[in-house]
Amino acid sequence: MVPYIHLGMLKEAEEALQAATDLLPGLRSRRDWSFNEHNISEMHAEYSAMLKEIRGNHAEAERLRRIALENARQWLPQMQRVNSKESQLVRLAQQNVIGSTRALASTLSAQNKLGEAELLAHEVLRNTLAYSSFNTTGTSSALSTLRGIRLQQGNLTDAARYGELSLQSMEKADVQAYSWTLAERRSQIGLIQVMQSRWNDAL
């Protein structure tokens, strides 16, 4: 589904999501459903929210993202109970919580619900740093989310600070020089510098 979205093939993306939705009744009848329920429900809600947001239905996307986050938060302790803390399944569950929290923060931000969005963005940063170092793309993404929220709040000083930290984190993560995400981080800083009339820095 996601590749279709990246290619702008929304009709095909919706058909893929519907095909996945049609599989849910069969999955719910399986004996192992109770073990996989929260992970599958989280993914289905996330992908559904993605399409709703693209279509401009932010309220429904928010509802779905809250469902996704609740399921991600329930799947994590389930994985922790049956796996060692070094298990990749635990790591995946942790990343699911972080990703779902970040997605909800972005959806709230798009609706100008900046108070809750900022709280969730700080939660994302705390959780990311609990599992990763500063020099990671995940930390850069968390800082970039805070940059965007601060910018919407009109706090250019904080937005610039988070933007610079986000760029530093991305650069130290040893991403390729042609990375579009790295270029995006630089562009975000440039926008703030223009808004601050720092023309030479923006160039």
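Q: Before we go on, what am I looking at?
A: This is a predicted model, so local features need pLDDT of at least 70, side-chain atom pairs count only at pLDDT 80 or more, and totals for chains, interfaces and linings use all residues. Residues are numbered from 1 along each chain as its sequence is written, and side-chain values use heavy atoms, with hydrogens and water left out.

Q: Back to Glu184, then: how does it count by relative accessibility?
A: Glu184 counts as partly exposed because its relative accessibility is 31%. The cut-offs are under 20% relative accessible area for buried, over 50% for exposed and in between for partly exposed, with a 1.4 Å probe and protein chains only.

Q: What counts as a pocket, though?
A: You take a 1 Å grid over the protein atoms alone: a cavity is a set of points where a 1.4 Å probe fits but cannot get out, while a pocket is an open set with protein on both sides within 12 Å along at least five of seven lines. Lining residues have an atom within 4 Å of a point. For the volume, grid points are joined across faces, edges and corners, and you take the space filled by probe spheres set on the points.

Q: Which elements give two or more residues to the lining of the largest pocket?
A: Helix H5 (88-110), helix H7 (137-152) and helix H9 (180-195) do. H7 gives the most, with 7 residues.

Q: And what classes do the residues of that lining divide into?
A: There are 3 nonpolar, 9 polar and 4 charged residues. Here Ala, Val, Leu, Ile, Met, Phe, Trp, Tyr, Cys and Pro count as nonpolar, Asp, Glu, Lys and Arg as charged, and the others, Gly among them, as polar.

Q: How much space lies in the second largest pocket?
A: About 280 Å³. It has 14 lining residues, and Glu46, Met50, Arg65, Gly99 and Ala103 are the closest to its centre. Helix H3 (33-54) and H5 each give two or more residues to this lining, and H5 gives the most, with 7. By class, the lining has 4 nonpolar, 6 polar and 4 charged residues.

Q: Is Ser166 buried or exposed?
A: Ser166 is buried, because its relative accessible area is 0%.

Q: What about Ser132, where's that?
A: Ser132 is in the loop between helix H6 (114-131) and H7. It counts as buried because its relative accessibility is 18%, and its side chain makes a polar contact with the side chain of Arg91 at 3.3 Å.

Q: New topic: what sits over the ring of Tyr162?
A: The charged end of Arg161, 4.7 Å from the ring centre. The rule is that NZ of Lys or CZ of Arg must be within 6 Å of the ring centre and within 35 degrees of the ring normal.

Q: Last one: what's the phi of Asp174 near?
A: Phi of Asp174 is near 60 degrees, a positive value in a residue other than glycine. Asp174 is in the loop between H8 and H9, and counts as exposed because its relative accessibility is 67%.

Note on methods:
Helices (H or I, at least four residues) and strands (E, at least two) are DSSP runs, numbered from the N terminus. A polar contact is a pair of N or O atoms within 3.5 Å; within protein, one must be able to donate a hydrogen and the other to accept it, and residues adjacent in sequence count only if both atoms are side-chain atoms.
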